[in-house]
Amino acid sequence: MASGVTVSDVCKTTYEEIKKDKKHRYVIFFIKDERQIDVEVIGARDEEYDQFLTNLQAGGAGECRYGLYDFEYTHQCQGTSEASKKQKLFLMSWCPDTAKVKKKMLYSSSFDALKKSLVGVQKYIQATDLSEASQEAVEEKLRATDRQ
Amino acid sequence: MSTGMLYGGDEIGALVFDPGHHSLRVGYAQEDTPKAEIPAVVGVAPDESFKVEPEVKTEDGNVSSKPSQNKYYIDTTFLHVPRANMELHSYMKDGMIENWDMFEKILDYSYEKIIQSESQYHPVLFSESPWNQRQKREKLTEIMFEKYKVPAFFLVKNAALAAFANGRATALVIDSGATHTSAVPVLDGYVISNAVVKSPLGGDYLILRAREMLDSLKIDLTPAALISAKDVVREKDIPRCTRKKLNFQPSNSWMTYMMKRTVQDFQQTVLQVAESPYDERFVSNIPSVHYEFPSGYHQDFGNERFKLAEGLFDHAMLGAGHIAATSAGMCDVDIRPALYSSVVLTGGNSLVQGFSDRLSRDLQSRTPGSMKLKMIAANGTVERRFGAWVGGSILASIGTFQQMWMSMQEYQESGKSQIDRKCP
């Protein structure tokens with residue numbers, strides 16, 4: 001069951017720019033006029049995770065957003081001597097508890113449409129507060145699927 | 001869009017119906033709360049006034065448009081009056097609509113008295129239980145299009161609505177209602193129906209237990225509707241009240257219903273779930289609660305408050321925590337972390353004091369170490385009791401949602417079986 005909200009082409013091209021060309025670090029999506037998911041902010045390659053979080057919450061406590069981030073971390077497999085660098089894409093739905101039910105409903109029922117348009121995302125995260133959206137929490141989730 | 005017409009949105013007020021065992025919630029989409037909450041029982045009595053004075057029918061709640069042998073009484077004000085030979089019937093069974101004739105009476109009443117508008121102008125969104133049967137969904141679709149001539153119709157699983165209303169597309173929805181508590185995994189807005197777990201422990205079970213306890217204490221449970229006056233008595237004294245003089249005996253079903261209502265009020269005011277499994281020593285330190293029955297009898301309730309509510313959790317197989325863990329365990333291992341990290345609590349019975357704390361504690365002990373538990377429970381009474389209705393209200397008002405409706409045209413072209421394709 002979905003809301004019928006569509007995804008704009010800009011979202012898909014920006015996503016490809018991150019996935020293939022590594023042009024940006026992250027992108028924030030929002031739902032425009034309750035009709036279409038569109039790009040709000042594009043983060044430069046050298047920006048930090050904190051700036052992503054700030055931009056995600058730029059709308060205030062009553063707003064919801066989606067965020068896509070190209071996350072990098074190092075991972076050392078058991079039995080190997082060198083740590084390897086990993087890059088993973090995650091897509092996050094940000095619906096704070098303080099947001100109006102209408103916003104939460106709109107964003108959560110449209111998340112599926114965005115998921116389907118952006119092919120190749122490794123992890124989907126639903127966040128309602130910072131304990132789920134922080135860098136540590138995200139990294140933990142991404143590492144959970146790595147081999148030890 | 002195949003139909004070329006616009007439904008829902010701001011232009012035409014869509015209606016939202018959320019049927020449950022305790023009540024049916026009815027209202028306009030985009031509003032915050034339902035317009036009305038109608039008890040899910042219908043009173044039926046042989047129509048005597050019909051032959052004597054046929055004109056006064058509409059005044060007293062008779063909603064059947066054509067003359068019939070029976071008179072139907074719907075909604076609290078009409079139900080809570082003792083009437084000769086009035087039997088009460090419930091039209092719900094196992095979370096699904098069972099008696100369609102009665103249900104149509106309720107719909108007639110909703111359109112006439114609450115919506116006060118013609119059914120053909122309003123698209124209708126219905127919520128349904130996650131285990132609703134195909135034949136029942138088709139029957140409802142048929143009734144709405146054929147009898148009520150609605151321009152568009154949609155059916156959504158109530159668990160999906162509750163999850164969305166709490167900002168989650170993927171969630172484990174714990175819905176504790178009147179007749180049962182269920183754990184329903186929702187993935188991207190779709191219910192995983194083979195992993196739904198139900199338990200018959202809900203509000204009605206609590207009422208039953210409370211009733212047994214009150215009966216054993218020999219407390220008079222005469223409903224307020226039968227009492228004309230009462231005196232103030234001292235605590236635990238025999239009540240002195242005057243009963244209304246009736247020249248007939250109210251039917252058993254009516255008495256049962258009214259006593260259930262009386263006990264329900266007691267249950268909601270007094271009962272509390274202990275934080276940890278029931279322990280007499282700990283519980284005896286918590287202040288007792290004073291309660292006065294309609295008959296005027298009153299006393300303090302201490303340990304009983306917790307002992308009764310414990311029934312929801314102490315059962316090894318049917319406790320809320322257990323069914324939640326079982327349901328998650330039946331889902332694919334990949335989505336289990338996502339389910340545990342968004343457990344959504346809804347349903348009127350979850351408002352029993354201490355319910356969410358205890359459930360969260362219970363679940364915490366069952367959550368696998370590698371996963372994080374997060375429980376989301378709306379704070380407001382309205383959001384919790386009408387969670388699915390509120391979700392439906394918003395969904396039906398979203399502009400883009402209008403292309404999702406099943407339209408009258410589609411119904412005429414493809415028939416009722418189309419509902420399974422349009423609203424999975």
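1. The cover over the buried residues of helix α10 of chain B includes β11 (171-176), β12 (181-187), β14 (197-199), α11 (336-340) and α12 of chain B. Here buried means under 20% relative accessible area, exposed over 50%, and partly exposed in between (1.4 Å probe, protein chains only). Contact means heavy atoms within 4.5 Å. Helices (H or I, at least four residues) and strands (E, at least two) are DSSP runs, numbered from the N terminus.

2. Some ground rules. This is a predicted model, in which local features need pLDDT of at least 70 and side-chain atom pairs count only at pLDDT 80 or more, while totals for chains, interfaces and linings use all residues. Residues are numbered from 1 along each chain as its sequence is written, chains are lettered from A and ligands numbered from 1 in the order in which they are written, and side-chain values use heavy atoms, with hydrogens and water left out.

3. Seven of the ten residues of α10(B) are buried, so this helix is largely enclosed by the rest of the structure. The buried residues are A320(B), G321(B), I323(B), A324(B), A325(B), S327(B) and A328(B).

4. Helix α10 (residues 320-329) of chain B packs on helix α12 (residues 355-366) of chain B at an angle of about 45°, with the two axes 9 Å apart. That makes α10(B) oblique to α12(B). Axes are lines fitted to C-alpha atoms, for helices over the stretch in contact, and angles run from 0 to 180 degrees between N-to-C directions. Angles under 35 degrees count as roughly parallel, over 145 as roughly antiparallel, 65 to 115 as roughly perpendicular and the rest as oblique.

5. The crossing of α10(B) and α12(B) is right-handed. On the α10(B) side the contact uses A320(B), G321(B), H322(B), A324(B) and A325(B), and on the α12(B) side F355(B), L359(B), D362(B), L363(B) and R366(B). By class, the residues of this contact of α10(B) with α12(B) are six nonpolar, two polar and two charged. A crossing is left-handed if the near helix is turned anticlockwise from the far one by less than a right angle, and right-handed if clockwise. For the classes, Ala, Val, Leu, Ile, Met, Phe, Trp, Tyr, Cys and Pro count as nonpolar, Asp, Glu, Lys and Arg as charged, and the others, Gly among them, as polar.

6. N158(B), L161(B) and A165(B) of α5(B) meet G387(B), A388(B), G391(B), G392(B) and L395(B) of α14(B). The contact of α5(B) with α14(B) has four nonpolar, four polar and no charged residues.

7. Helix α3(B) contributes W100(B), F103(B), E104(B), L107(B), D108(B) and Y111(B), while α4(B) contributes K136(B), K139(B), L140(B), I143(B), M144(B) and K147(B). The residues of the contact of α3(B) with α4(B) divide into seven nonpolar, no polar and five charged.

8. T170(B) sits in the loop between α5 and β11 of chain B and is buried, with a relative accessible area of 6%. A polar atom of its side chain lies 3.2 Å from the backbone nitrogen of D188(B). Beyond neighbours within four places in sequence, the contacts of T170(B) include K115(A) and Q126(A), along with A338(B) and L339(B).

9. H122(B) lies in the loop between α3 and β9 (124-128) of chain B. H122(B) is buried, at a relative accessible area of 8%. The side chain of H122(B) reaches the backbone oxygen of G13(B) at 2.7 Å and makes a polar contact with the side chain of S117(B) (2.8 Å). A polar contact is a pair of N or O atoms within 3.5 Å; within protein, one must be able to donate a hydrogen and the other to accept it, and residues adjacent in sequence count only if both atoms are side-chain atoms.

10. In chain A, E72(A) is found in strand β4 (residues 65-75) and is partly exposed, with a relative accessible area of 31%. The side chain of E72(A) makes polar contacts with the side chains of R25(A), at 3.4 Å, and Q87(A), at 2.6 Å.
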